[in-house]
Amino acid sequence: MAMVTDPYIDAQIQPIINYYNQMELELIIDIAKRFANYDEVSGSLEWHLKKLDELGGLTQSALKIIARYSGKAEYELAKMLKKAGFYNIDANLFKEAFSKGVITVDPVKMLESPAIAATIEQSYIDTKQAYKLIQTKAIEATQQAYMDVLNTAYLNTSSGFYDYQTSIKKAIQRMASKGITGATYNRGGTIVRYSIEGTVRRDTLTAVHQLANRVSLQGCKETGVDYVEVSKHIGARISLKNPIANHYGWQGEIYKIDGQDDKYRNLKEATGYPDDIQGLGGVNCRHRIFPFFIGISIPNPIHYDEEENKRVYELNQKQRKMERDIRNLKKKYAAAKAINDTDTMKFIDAKLKVKYQQINDFCKVNGLKRDYSRELIAEQI
């Protein structure tokens with residue numbers, strides 16, 4: 001049924017994520033290097049004020065780093081979206097339907113539709129705007145990260161809690177562990193911070209699937225197709241409270257686009273598409289919509305057991321946590337290297353070896369594939 005797989009889509013968005021990973025790493029290193037000189041007279045108010053004056057230079061440097069990678073990322077985005085728009089379109093299936101008179105619109109003309117071209121262009125504009133918001137937040141977060149290091153080191157040193165060198169090392173490690181924020185949200189009165197990498201991955205993955213689904217439905221509209229089939233995958237989200245948020249419950253079914261009939265439910269009523277962000281097409285949703293030709297299309301016969309789906313979902317969540325831990329350690333290692341903190345580098349290197357073994361064992365025991373791309377923050381680490 002599907003022309004491309006989830007791993008293929010992940011591979012297509014990875015170059016963009018790599019650019020933003022490298023961007024974040026350089027921002028962290030740039031902050032760390034500004035505290036690398038342990039020989040300064042430090043811990044005094046004079047030192048604190050001097051470091052405050054350097055904030056403007058940091059901001060200009062951060063702007064240059066972000067500009068260097070954002071242009072490359074947008075170029076990759078434009079290339080990817082031109083292909084992603086047609087991920088859910090099986091041209092051969094449309095040709096068969098046309099040859100049998102099921103549809104009367106030539107699928108070649110449909111694929112060249114101005115409406116589809118406009119849909120792809122709008123997706124690029126919207127995603128590029130989302131990237132700009134991430135970049136703006138990254139500037140603010142870089143400034144705040146610098147101030148956190150400065151204030152922590154100053155307070156710890158002036159109070160005699162730690163010497164300057166120890167204070168800086170601890171503050172740098174704390175800064176690297178937090179990373180550079182790409183987005184913040186107020187969730188039930190609690191501020192939740194997303195890393196640059198996490199925000200870019202989420203926004204890009206969401207944009208790709210939303211675009212492919214919009215083009216798929218536009219193709220249905222232009223050729224008069226009334227039904228669609230929603231993809232299914234193991235590890236789909238589960239919700240016991242909200243049927244729309246329970247992706248396992250509605251995945252893999254055939255739906256009527258407008259209205260409903262005795263056999264097929266309405267797409268929007270069943271899945272929430274396209275308005276409910278907790279449903280089909282919402283944030284981080286991988287489910288895809290495929291045109292379905294009654295009498296020609298063959299429904300996907302695969303069925304995923306509910307308990308097995310739940311087990312895989314929980315295992316995937318654990319694997320994502322282990323991957324985040326590895327990325328976190330790599331950021332801390334890079335920051336320690338920037339200030340020549342060899343003791344911390346050795347300590348982190350030992351911890352990374354343990355983490356590598358743990359994720360290897362976890363994947364082997366549970367039959368999962370290790371996704372090295374999710375552990376990367378830069379090629380040199």
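Predicted model: local features only at pLDDT ≥ 70, side-chain atom pairs only at ≥ 80, totals over all residues.
Is Pro15 buried, partly exposed or exposed? Residues are numbered from 1 along each chain as its sequence is written, and side-chain values use heavy atoms, with hydrogens and water left out.

Pro15 is partly exposed, at a relative accessible area of 30%; buried means under 20%, exposed over 50%, and partly exposed in between, using a 1.4 Å probe and protein chains only. Pro15 belongs to helix H1, residues 6–33. Helices (H or I, at least four residues) and strands (E, at least two) are DSSP runs numbered from the N terminus.

H1 has a kink of about 40 degrees at Gln14, shortly before Pro15; the bend is the angle between axes fitted to the seven residues ending at a residue and the seven starting there. From first to last C-alpha, the 28 residues of H1 reach 39 Å, close to the expected 40 Å, which is 1.5 Å times one less than the number of residues.

I turn now to the loops. Between helix H10 (267–271) and strand S5 (289–292) lies Pro274, and the peptide bond from Tyr273 to Pro274 is cis, with omega near 5 degrees. Asn284 lies in the loop between H10 and S5; its phi is near 65 degrees, positive in a residue other than glycine.

Finally, Asn340 sits in the loop between helix H11 (306–338) and helix H12 (342–366). Asn340 is not a glycine, yet has a positive phi of about 60 degrees, and it counts as exposed at 59% relative accessibility.
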